[in-house]
Amino acid sequence: MGLFFSVKYGNENSIFPGRAAGSQRRQGICGILMQEDMEMSDRLANIRQEILDGIKERANSRAEAFELRKQFLDSKTGKIGQLMKEMKSIAPEERAGFGKSVNELKEWAQQRFMELDEKMKERELQRRYESERIDVTMPARNVETGNLHPVTQIRNQLMDIFVGMGFEVAQTREIENDYYNFEALNIPKDHPARDMQDTFYLSPEFLLATQTSAAQIHTMEKKKPPIKIVAAPGKVFRSDDDATHSPMFHQMEGLVVDRKITLCDLKGMLELFVKKIFGEDTTTRLRPSYFPFTEPSVEVDVSCFSCGGKGCKLCKGTGWIELLGAGIVNKKVPENCGIDSEQYSGLAFGIGLDRTAMLKYGINNVKLLFESDLRVLRQIDDN
Ligand SMILES: [Zn+2]
């Protein structure tokens, strides 16, 4: 150990501290030379062991393996790299042996780290396979698709039928002012018809639409005849609430304005529509009625599609079911919109979409349509 006292040029990390200074002593002190060789081989063996321990204990990923490799093989900071630097402090006659040993260690280490990297690569791939594994025997997750609301289904069917007859679709509004909802439709402020509809007023001027007929006015103000529209989506509101009435319900308004429009056009058109909705055997009848915005006005009944006209619970024994209100447009209405009522006449109809859905799908309480009970809604898929 005496050599360690005479360190002059080496450093503490050096494998052969003070080698250069000790070279002249070495000639006479064989024991010390042997000790130095021992030191070298011990040092190399230690590094070898450190590498093996590191691989065993500290390398659990490719990144860790890379860090470990750097500690030994980095040309500047690695332990083996440091050994190479010490070459210049070795006596010339010993450099070859020293270099050979260090090179062998270096090659051995490179081989170990290459194997380690392969092993880590394999292990990480395995881990990825495990985490991304797909079990093809697992039952598929059920995707619930749902279906359209019965009222939407009926609205779509009606729009298809009327668009097929050449109608355009106009928008209805949920909020109207007094003029469009009543006055322009020949329902002046003191008219008793206003009592027929219990209106939700938002202010003295604005209200929730009580029927879709305001769409007639909006259309006739913008367009000149010929006019042929159905208005949707048709949400309307009245203060009314029982098994067959809901405070919010849906209508579809139809309006045709052209030369020589008569009740025959109305009957022919409605006949076609009820056959498509309720079946080919369905017929219609018109009963006189009263609406302020049509003259004459009619209620349109359809033959009972449940009993075929013999009389049943659905038709209350009459063989007929009341379906919608219609009529020839009261002259005052197009005149309010600047249309010459001498040249043009019109027909109008309003269909209750909820009522039509209830009749078609056998729903006995209008509330079932708006309670969002999936057990009910799932049963009606008519698309
Ligand atoms: Zn019947």
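**The chain as a whole**

The protein chain contains 14 helices and 10 strands, and buried residues make up 31% of its 383 residues. Among contacts between residues at least 6 apart in sequence, 64% join residues at least 24 apart. The average pLDDT of the chain is 84, and 89% of the residues score at least 70. Over residues 1-33, however, pLDDT stays under 50, although the model has 47 contacts beyond four places in sequence for this stretch. Where pLDDT is low, the predicted coordinates should not be read in detail.

**Paired strands**

| Strands | Direction | Bridges |
|---|---|---|
| β1 and β4 | parallel | four bridges |
| β4 and β6 | antiparallel | five bridges |
| β6 and β10 | antiparallel | eight bridges |
| β9 and β10 | antiparallel | five bridges |

Strand β4, which spans residues 227-232, is largely enclosed by the rest of the structure, because five of its six residues are buried. Its pairing with β1 (residues 168-171) is parallel, and there V169 stands opposite V230 of β4. The pairing of β4 with β6 is antiparallel, and the bridge partner of I229 in β6 is L255.

Strand β10 is mostly covered, with eight of its eight residues buried. In a regular strand the side chains alternate between the two faces of the sheet.

**Helix α12**

Helix α12, made of residues 353-361, is mostly covered, and seven of its nine residues are buried. The buried residues of α12 are L353, D354, R355, T356, A357, M358 and L359. What covers these buried residues includes the helices α6 (150-164), α10 (263-278) and α13 (367-370), together with the strands β6 (248-258), β9 (320-329) and β10 (345-352). After α12 comes G362, whose phi is positive, near 65°.

**The nonpolar cores**

In soluble globular proteins, nonpolar side chains tend to be buried together. The largest nonpolar core in this model has 57 residues, and V257, A326 and F349 touch the most other members. Leaving out residues up to four places away in sequence, A326 touches L266, L270, V298, V300, L347, A348 and F349. There is also a second, separate core of 10 residues, which includes I47, I51, I90 and V102.

**A closer look at L286**

Apart from its neighbours within four places in sequence, L286 is in contact with K267, V298 and V300. Of these contacts, K267 is 19 residues away from L286 in sequence, yet the C-alpha atoms of L286 and K267 are 8.0 Å apart in space.

Terms used. Residues numbered from 1 in each chain as written. Predicted model: local features only at pLDDT ≥ 70, side-chain atom pairs only at ≥ 80, totals over all residues. Buried ≥ 20, exposed ≤ 12 C-beta atoms within 10 Å, placed from the backbone. Helix = DSSP H or I, 4+ residues; strand = E, 2+ residues; numbered from the N terminus. Contact = placed C-beta atoms within 7 Å. Pairing = 2+ DSSP bridges. Core = buried A, V, L, I, M, F, W, Y, C linked by C-beta atoms within 7 Å. pLDDT = per-residue confidence, 0-100.
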